[in-house]
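Here is a short report on one protein chain. Look at the sequence and the 3D view first, then read on.

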Amino acid sequence: MSELDLILLGPPGAGKGTQAARLTEDFGVPHIATGDMLRAARAAKTELGMLAQAFMDRGELVPDHVIIAMLLERLAADDARDGFLLDGFPRTIEQADALGAELEEHDRWLTAALLIDAPDEVVIARISGRRVNPRTGRVYHVEFDPPPQEGRDADGSELVQREDDRAETVRRRLEVYHAQTAPLIAYYDEKGLLWRFDGTLPPDQVHAHIRATLSTVRREEDA
Ligand code: ADP
Ligand code: AMP
C-alpha cells in the first residue's frame with residue numbers, strides 16, 4: 001500500500017483534531033498537531049513555548065520560520081518516515097512551500113489535503129463549548145460531545161477551556177484563518193490534492209466521508 005502523507009485544513013473548531021484522532025487509529029500514522037506541540041512547549045516553559053505564548057494568546061500565527069523549523073524537526077522523527085497526518089500545519093503559503101520542498105527532497109509527496117469546512121457561526125459555537133483534558137489532550141464539547149461527567153473526564157482530570165478559546169480571541173483567529181490560511185485551499189486545489197468535507201455534519205459522517213475518499217485516492221495511487 002502507498003504511504004499516507006496527509007494534511008488537515010479548515011478553520012479553528014471545524015473538527016480537525018476530532019477527525020485526526022479517528023484517522024490515526026484507522027491508519028496508524030502519527031497525528032502531528034502544531035498547536036498541541038506549542039501548548040506542550042508552553043507548559044514545559046521552553047524557549048519556543050515562551051516565544052509562542054504571546055502570539056497564541058492574541059490569536060495570531062507564530063512566525064513562519066519558527067513553526068517551520070519545529071515541524072521539519074518533528075517530520076524527521078522515525079515514526080513519521082512512513083506517513084503522517086498534519087493538523088494545523090501548514091497555515092500560510094510559506095509553510096506549505098517549505099513542506100513541499102522538504103517532501104520533494106526525500107522523494108515523497110502529499111497524498112491529499114483534506115479540507116474540513118464549516119461557516120464561522122458554526123465554529124464559534126463549537127469553540128465556545130470546547131473542553132480539553134489537559135493530561136491526555138482528549139477534546140469534548142459541553143453539548144455536542146459531552147464528557148462522562150460535568151467538567152471531568154473518565155480519568156478524573158478536570159476539563160479546561162483553552163485560553164485562546166475565549167470569544168475575543170476566537171474572532172481574531174477566524175480573521176487570521178480567512179486572511180492567511182484559506183488561500184491554501186486554492187493552492188492545493190491547483191495541485192489536484194484538495195478534497196472537501198462538510199464539517200457541519202456529525203463527526204461519524206465526516207469520518208465516513210474521509211475514509212471513503214482516502215480509499216479511492218489510495219486505490220488510484222496503487223493502480
Ligand atoms: P479543530 O481541531 O478543527 O480546532 P476540534 O476537533 O477541537 O476542532 O473540534 C472543536 C469542537 O467541536 C470540540 O469541542 C469538538 O468536540 C466539537 N466537534 C468536532 N467535530 C464536530 C462535529 N462534526 N459536530 C459537532 N461538534 C463537533
Ligand atoms: P490550534 O491548536 O491549531 O488551534 O493552534 C493554536 C495556536 O497555535 C494558533 O492560533 C497559533 O497561534 C499557533 N499555531 C499552531 N499551528 C501554527 C502554524 N502552523 N503556524 C503558526 N502558528 C500556529
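## An exposed lysine

K45 counts as exposed because its relative accessibility is 60%. Exposed means over 50% relative accessible area, buried means under 20%, and partly exposed lies in between (1.4 Å probe, protein chains only). K45 sits in the loop between α2 (34–43) and α3 (47–58). Its phi is positive, about 55°, although K45 is not a glycine.

## About the model

This is a predicted model: local features need pLDDT of at least 70, side-chain atom pairs count only at pLDDT 80 or more, and totals for chains, interfaces and linings use all residues. Residues are numbered from 1 along each chain as its sequence is written, chains are lettered from A and ligands numbered from 1 in the order in which they are written, and side-chain values use heavy atoms, with hydrogens and water left out.

## Overall shape

The chain has nine helices and seven strands. Helices (H or I, at least four residues) and strands (E, at least two) are DSSP runs, numbered from the N terminus. The C-alpha trace spans about 50 × 40 × 35 Å along its principal axes. A compact globule of 223 residues would have a radius of gyration near 17 Å, and the chain agrees, with 17 Å. That radius is taken over C-alpha atoms; the globule rule is 2.2 Å times the number of residues to the power 0.38.

Of the 223 residues, 45% count as buried. Among contacts with a separation of 6 or more, 71% come from residues 24 or more positions apart. Contact means heavy atoms within 4.5 Å. The chain exposes about 11600 Å², and carbon and sulfur atoms supply 51% of that area. Accessible areas come from the Shrake-Rupley method with a 1.4 Å probe; for residues, only the protein chains shown count as cover.

## Parallel strands

Which residues of β3 are buried on each side? G83, L85 and D87 are buried on one side, F84 and L86 on the other. Strand β3 covers residues 83–87, and five of its five residues are buried.

Two strands pair if DSSP finds at least two bridges between them. Strand β1 (residues 4–9) runs parallel to β3, joined by five bridges. Here D5 stands opposite F84. Strand β2 (residues 31–33) also pairs with β3 in the parallel sense, over three bridges. In that pair, A33 stands opposite D87.

Strand β1 also runs parallel to β4, with four bridges. L9 has L115 in β4 as its bridge partner. Strand β4 (residues 112–117) is mostly covered: five of its six residues are buried. Five bridges then join β4 to β7 (residues 194–198), again in parallel. D117 has D198 in β7 as its bridge partner.

Now follow the chain onward from β3. P90 lies in the loop between β3 and α5. A cis peptide bond joins F89 and P90, with omega about 0°.

Helix α5 spans residues 93–105 and holds D97. D97 is partly exposed, because its relative accessible area is 42%. D97 and Y187 are 90 residues apart in sequence, yet their C-alpha atoms are 9.9 Å apart in space.

D107 lies in the loop between α5 and β4. Is D107 buried or exposed? D107 is exposed, with a relative accessible area of 66%. D107 has a positive phi of about 55° although it is not a glycine.
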